[in-house]
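Trainee: Could you take me through one part of this model in detail? I'd like a close look at the place where the two chains meet.

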Amino acid sequence: MRQVVCVKRVPGTDTRIKVGADGRTIDAANVQYVLSPYDEIALACAVELREKHGGEITVLTLGPSEAQKEMRTCLAMGADQGVLLTDTTAFRDPSSTAVLLANRLKDLPFDLLWFGNKAADDDGGQVGVRVACLLDLPVVTFVTRIEAAEGKITVHREVDGETQVVEADLPCVLTAQKGLAEPRYPSLKGIMAAKKKPLEEAAAGDAPSHVEIVSLAPPPPRPEGRIVGKGLEAVPELVRILKEEVKVL
Amino acid sequence: MPQGVLVYLEHRQGSIKKPSREALGCGRLCADATSQELVAVAVGSGVESLAGEAGKAGADRVLLVDDPALAENSIAGHGKAVAEAARKMAPALILFPATVEGKDVAAWVAAALDTGLATDCIAIEAKDGSFLARRPVYAGKAILTVKPTKLPFVASLRPNVFAVSARNGGGAAEKVAFEGTGAGRVRTTEHIAAAEGKIELAEASIVVSGGRGLKGPENFSLIEELARELGAAVGASRAVVDAGWRPHEEQVGQTGKTVAPQLYFACGISGAIQHLAGMSTSRTIVAINNDESAPIFNVATYGLVGDALEVLPALTAAIREAKNG
């Protein structure tokens, strides 16, 4: 079973986000970068499937040359080889990212193409489905469980209000939701092995953007809140507030 | 010259889901601001009955792509149907609800039309012949404002943010044939409904969430009782989901669901950044926590410093009395 996992390098989820001098992108000084959490889940699932069904796992990313670090982490977590398409654009429009990934994927045959369900910086969740459309492949998102059999997969997916059991023909595109697999943090053995695994680096090329960033700004501050009181004594006042101010009762 | 607003209707069991009616409300405002028409599109099998409801929620016309091959929501099938409808109509703006289905179909349509998409928007404005969209990024730690460099512009809208329109647009129905293929490569074989009467987290107008301050899974019954009393959905912090106390469908936060209800109760939840990512645009936040310095109190509209295990039963009882009194 040939699997490709698309991953993205993002600021750590604890990062204090500061708007940069251009007012449109973040100030990258002192930002610690990590693999996007849902991408780690996708990779962990790919590793589990390889244990059952054999085959190879390639990780693919679009990012700056510094993303070599995240690619080596993926190799240490179990991927067999990596492809880094180097790109210095700070906040590339997802339509453009999808085109560049799809172009490279034409030469990377796969049975399963994985994405995290969204990246932890843009929170857009577009690229996986866009790539599926560009390659005209079936796509199933928010996968929480997977089984593979002859030429098809059966997954569980979580949709607002219900769980769906879905079958898809191979090759197909999947996006990973939390619960699908537990990310495996690299062992020392994995880290050593990763140094010898192939990591290809090539220029990403370019593709047009269709959306322009006007500004990036801190969120509007929430209106000042107040402590209503302490312990059981404060309950009547809270209920009064819910009735008269929030008007939910 | 692209004109008009097209809105995708997500529907279940013969009615339009609320986030799509909210999208129609936003679409109505954009269409009025540009003096153009608002058109809704419904894709599926047996969708005729949706036209009336779409009209009442503001649509001037409703395109019905009715085909047995589209009975199940395959992203490719629905995406191709909407893309086809959009090529014929040539709208300036295409709106989707930012639900699981809405976001997926939006991305397919944007790729098929080779155009831009802004996901999970909290504001859209028609301006100078184009649009501005505002959306949270970096787990809600920043707001990005974007504009399209080409039309149509596609946007998905965060549920519970936009108002449903009171204006009846008439909703004149028009059947559109489905010319696409490839809807059969994905097959939904089973739907496992959530427990009877369980309210969907993403659409709920009130959410009651619990965290580690509940001390153990058995105490979540206190959260469920308060939720029942308020007609609310139940949410959970990552800590209690990871501990196996609650299913991950209930997780609110950066690696869980993003919700924007009118009222959010955070009980025994400290307020880590990753949790705030999932709920900080809630209109009113009530926090109940034993620790006065818990970060949740920085975002709460109303805070009660106390032990959730003690406060919750008293609160539920007092609310029951206030409702009946």
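Mentor: Let's go through that interface, starting with the overall numbers and ending with a couple of individual residues. Keep in mind that this is a predicted model.

On the chain B side, 89 residues are in contact with 80 residues of chain A. Put together, the two chains bury about 7300 Å², and carbon and sulfur atoms account for 57% of that. If you want to know which residues of chain B lose the most area to chain A, look at Tyr138(B), Arg185(B) and Tyr302(B), which together make up 11% of what that side buries.

Now the polar side of things. Between chain B and chain A there are 46 residue pairs in polar contact, counting pairs with both residues at pLDDT 80 or more. Salt bridges across the interface come to 10. One you can pick out on screen joins Arg135(B) to Asp122(A), with 2.9 Å between the closest N and O atoms. As for the make-up of the chain B side that touches chain A, its residues split into 43 nonpolar, 25 polar and 21 charged.

Strand β13 of chain A, residues 226–230, runs parallel to strand β18 of chain B, residues 302–305, and four bridges join them. Tyr302(B), named above among the residues losing the most area, falls within the residue range of that β18 strand. Along this pairing, Lys230(A) stands opposite Val305(B).

Let's zoom in on two residues of chain B. Thr188(B) sits in strand β13 of its own chain, residues 186–193. Its relative accessible area is 17%, so it counts as buried, the cut-off being under 20%. Setting aside neighbours within four places in sequence, Thr188(B) is in contact with Gln164(A), Val165(A) and Val166(A) from the other chain, and with Glu72(B) from its own.

The other is Ile319(B), in helix α9 of chain B, which covers residues 308–324. Ile319(B) is buried as well, because its relative accessibility is 0%. What does it touch, leaving out neighbours within four places in sequence? From chain A the partners are Val239(A), Leu242(A) and Leu249(A), and from chain B they are Leu226(B), Glu229(B) and Leu230(B). To get a sense of distance inside chain B, take Ile319(B) and Glu48(B): they are 271 residues apart along the chain, and their C-alpha atoms are separated by 42 Å.

Technical notes:
Residues are numbered from 1 along each chain as its sequence is written. Chains are lettered from A and ligands numbered from 1 in the order in which they are written. This is a predicted model: local features need pLDDT of at least 70, side-chain atom pairs count only at pLDDT 80 or more; totals for chains, interfaces and linings use all residues. Side-chain values use heavy atoms; hydrogens and water are left out. Contact means heavy atoms within 4.5 Å. Buried area is the accessible area (1.4 Å probe) that two parts lose on being put together, summed over both. A salt bridge is a side-chain nitrogen of Lys or Arg within 4 Å of a carboxyl oxygen of Asp or Glu. A polar contact is a pair of N or O atoms within 3.5 Å; within protein, one must be able to donate a hydrogen and the other to accept it, and residues adjacent in sequence count only if both atoms are side-chain atoms. Ala, Val, Leu, Ile, Met, Phe, Trp, Tyr, Cys and Pro count as nonpolar, Asp, Glu, Lys and Arg as charged, and the others, Gly among them, as polar. Two strands pair if DSSP finds at least two bridges between them. Buried means under 20% relative accessible area, exposed over 50%, partly exposed in between (1.4 Å probe, protein chains only).
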